[in-house]
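Dear colleague,

My notes on what was found in it follow.

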Number of protein chains: 2
Amino acid sequence: MRIGEAAAASGMSTKTLRFYEDRGLLPAARRAPNGYRDYGDETVTRLDFIHRGRNAGLTLAQIGDILRVRDAGQAPCIHVRDLLARQLRGIDRQISELVALRATIAQYHDTVAAADPVDCDPESVCSYL
Amino acid sequence: MRIGEAAAASGMSTKTLRFYEDRGLLPAARRAPNGYRDYGDETVTRLDFIHRGRNAGLTLAQIGDILRVRDAGQAPCIHVRDLLARQLRGIDRQISELVALRATIAQYHDTVAAADPVDCDPESVCSYL
DNA sequence: CTGAACCTTCACCTATAGTGGAATGTCAAG
DNA sequence: CTTGACATTCCACTATAGGTGAAGGTTCAG
C-alpha cells in the first residue's frame with residue numbers, strides 16, 4: 001500500500017504519515033524498488049491506534065512510548081513494565097477526573113433542563129455563550 | 001486575599017491568575033482601595049476546579065465555557081442547556097476513548113508482567129525507553 | 001527609605017502538531 | 001513521449017495552547 005492509500009484509509013494526510021515516521025510513531029517504512037514507501041495493513045491499524053490515542057487526549061510522545069513498548073514485545077525488562085504501569089495510573093487518574101467533572105456538569109445540565117427553558121432571541125447573542 | 005496568597009493556595013503563579021482573568025476563567029476581581037485584586041475563598045475553589053479540568057485534559061476554553069454557564073445560574077436559555085449537553089457528549093466520548101485505551105494498555109502490561117521480568121543493566125540505556 | 005509585592009502592557013517563549021512549498025523522481029494512460 | 005497524479009527530501013512556516021519575562025510604575029510593611 002502506498003502512502004496515499006494508507007493516508008486515505010486512516011483519514012490523515014500523507015504529510016502527517018511522514019511526520020509520524022519522523023517522530024518514531026511509525027517505523028521506517030519498507031520501500032518499493034522505486035523508493036516509494038510500501039505499507040502493510042498493520043500500518044492502518046497502527047494509525048487507528050494513534051488516532052484513538054489523540055482523541056483520548058494523549059500526546060504523540062505518550063503514544064510513541066506505548067507503541068515502542070508494544071513493538072519491543074519480547075524480552076520486556078522491568079522498566080518497560082513500570083512504564084506501562086505508570087501509563088495506566090495516569091490514564092486512571094485522567095478517567096476519574098473526567099468522571100467527576102462529568103457529574104458536576106450533568107448536575108448543571110439537569111438543573112437547567114428542569115427549569116422551563118426559555119428560548120432566547122436567536123438573533124441576539126446569548127449572554128451566556 | 002491578595003493575588004499572591006491565592007496563587008500560593010492554588011499552586012499557580014500570579015501571572016497565571018491574571019492570565020486566567022484575561023481569558024475569562026476568573027471574573028474581574030474585586031479591588032482593594034489601593035487597586036490590588038482582592039479574592040475570596042471561592043476563587044481558590046474555582047482555581048481548583050480549573051486545575052482539575054486541566055488534569056482531565058480539558059482546554060482552558062472548555063473550562064471557561066463550563067464556568068461561564070455555571071456562573072449564569074439563573075435564567076438559563078435553551079442554548080445553555082444545549083451547550084451543556086454537547087459538553088457532556090464530548091466528555092463521554094473522551095472517557096470511552098480513554099477506557100478503550102486503558103484496556104489495550106492493560107493488556108500489554110499483563111503480557112509483560114506475566115513474562116519473567118529481567119532487570120536490565122541500570123547503567124545502560126534501556127532500548128525500549 | 002528600602003525591598004517585596006502589587007499594578008499594567010506588550011512582547012516573547014516553549015511545546016505540540018502539523019502544513020506549505022520548492023525541487024525533483026516515477027509511472028500509467030493517452 | 002509527454003502529461004498528470006503521485007511519490008521523494010528538506011526546510012521553513014503556521015496555528016494553537018498555555019503561559020512567562022521585562023519594562024516601568026505604585027503601594028506598603030518593617
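A residue is called near a molecule or strand if its C-beta atom, placed from the backbone, lies within 6 Å of it. Around DNA strand D there are 18 residues, of which A:Arg2, A:Gly4, A:Arg37, B:Asn34 and B:Leu60 come nearest.

This is a predicted model, in which local features need pLDDT of at least 70 and side-chain atom pairs count only at pLDDT 80 or more, while totals for chains, interfaces and linings use all residues. Residues are numbered from 1 along each chain as its sequence is written, and chains are lettered from A and ligands numbered from 1 in the order in which they are written.

Helices (H or I, at least four residues) are DSSP runs, numbered from the N terminus. At least two residues each of the surface near DNA strand D are supplied by helix 1 (3-10) and helix 2 (14-22) of chain A, and by helix 2 (14-22) and helix 4 (60-72) of chain B. Helix 2 of chain B gives the largest share, three residues.

Within chain A, helix 1 and helix 3 (residues 41-55) pack with their axes 9 Å apart, at an angle of about 45° (axes are lines fitted to C-alpha atoms over the stretch in contact, and angles run from 0 to 180 degrees between N-to-C directions). In contact (C-beta atoms, placed from the backbone, within 7 Å) are A:Ala6, A:Ala9 and A:Ser10 of helix 1 with A:Thr43, A:Val44, A:Leu47, A:Asp48 and A:His51 of helix 3.

Yours sincerely

Methods:
Two residues are in contact if their C-beta atoms, placed from the backbone, lie within 7 Å.
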